Amino acid sequence: MLGKDFIVEALRANPDTRALWDAGFRVRVGVSACLAGEPVRYDGDHRLATLVARMLPLVAEVVPLCPEVAIGMGVPRPTIQRVRLADGREVVRGVEDPALDVTQQLADYGKQVAAAQVFHGYVFKARSPSCAPGNAPLVDEQGVQVGLAAGLYAEQLRGAFPGAPMCDEEALATVGQLSGFVQACYRHAARINRT
Ligand code: SF4
């Protein structure tokens with residue numbers, strides 16, 4: 001496949017990343033499961049990101065995960081959002097039912113995933129209150145948007161793997177962008193292998 005050849009050629013052009021690739025090492029990259037085409041969204045749909053789903057597995061070990069399903073919310077499920085409370089705390093709770101608070105469950109699950117395996121990169125779903133790398137709407141208690149935030153699950157992963165490339169699917173719309181991301185994952189792996 002041409003795209004794969006392009007990515008591998010770039011990996012082999014750098015001595016650090018070439019050594020890993022030629023030794024058969026593959027970076028481990030987490031992916032929001034809906035981007036891999038799994039029907040795990042709140043409405044039972046997916047958000048297949050073709051390049052991420054089809055090409056990334058050719059050059060990396062891909063681990064698709066859906067935190068909202070993993071914490072038992074099911075499919076279909078109520079929608080949730082990131083909310084800044086009047087006392088300044090930020091929570092994740094139901095849009096229709098504010099009593100549905102999954103803040104602790106999402107944080108715990110993120111810590112559990114991070115403790116179980118090393119990720120050299122992560123592709124998150126844009127704007128998700130659980131998965132977004134930094135562009136989920138943050139609303140106040142009245143539902144008025146007051147800013148942007150990372151998804152709560154994504155926040156745990158970012159904290160656990162400092163320096164690992166993390167972005168959303170919108171930043172990986174071309175083979176060139178995907179190649180840049182993959183190079184960065186392998187450079188990160190080379191760096192942490194040396195330390
Ligand atoms: S954005 Fe995250 S929580 Fe939402 S469906 Fe996709 S993987 Fe699941």
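Predicted model: local features only at pLDDT ≥ 70, side-chain atom pairs only at ≥ 80, totals over all residues.
Ala, Val, Leu, Ile, Met, Phe, Trp, Tyr, Cys and Pro count as nonpolar, Asp, Glu, Lys and Arg as charged, and the others, Gly among them, as polar. Numbering starts from 1 along each chain as its sequence is written.

Glu-68 leads on to Met-73. Leaving aside neighbours within four places in sequence, Met-73 is in contact (C-beta atoms, placed from the backbone, within 7 Å) with Glu-68 and Val-102. Val-102 is 29 residues from Met-73 in sequence and 9.2 Å away in space, C-alpha to C-alpha. Met-73 is found in the loop between helix H5 (67-70) and strand E3 (80-84). Helices (H or I, at least four residues) and strands (E, at least two) are DSSP runs, numbered from the N terminus. Is Met-73 buried or exposed? Met-73 is buried, because 20 other C-beta atoms lie within 10 Å; the cut-off for buried is 20 or more, for exposed 12 or fewer, with partly exposed in between, and C-beta atoms are placed from the backbone.

Now the helix pair. The axes of H1 (residues 2-12) and H8 (residues 175-194) come within 10 Å and cross at roughly 40°. Axes are lines fitted to C-alpha atoms, for helices over the stretch in contact, and angles run from 0 to 180 degrees between N-to-C directions. By class, the contact of H1 with H8 has 8 nonpolar, 3 polar and no charged residues.

Key. Contact = placed C-beta atoms within 7 Å.
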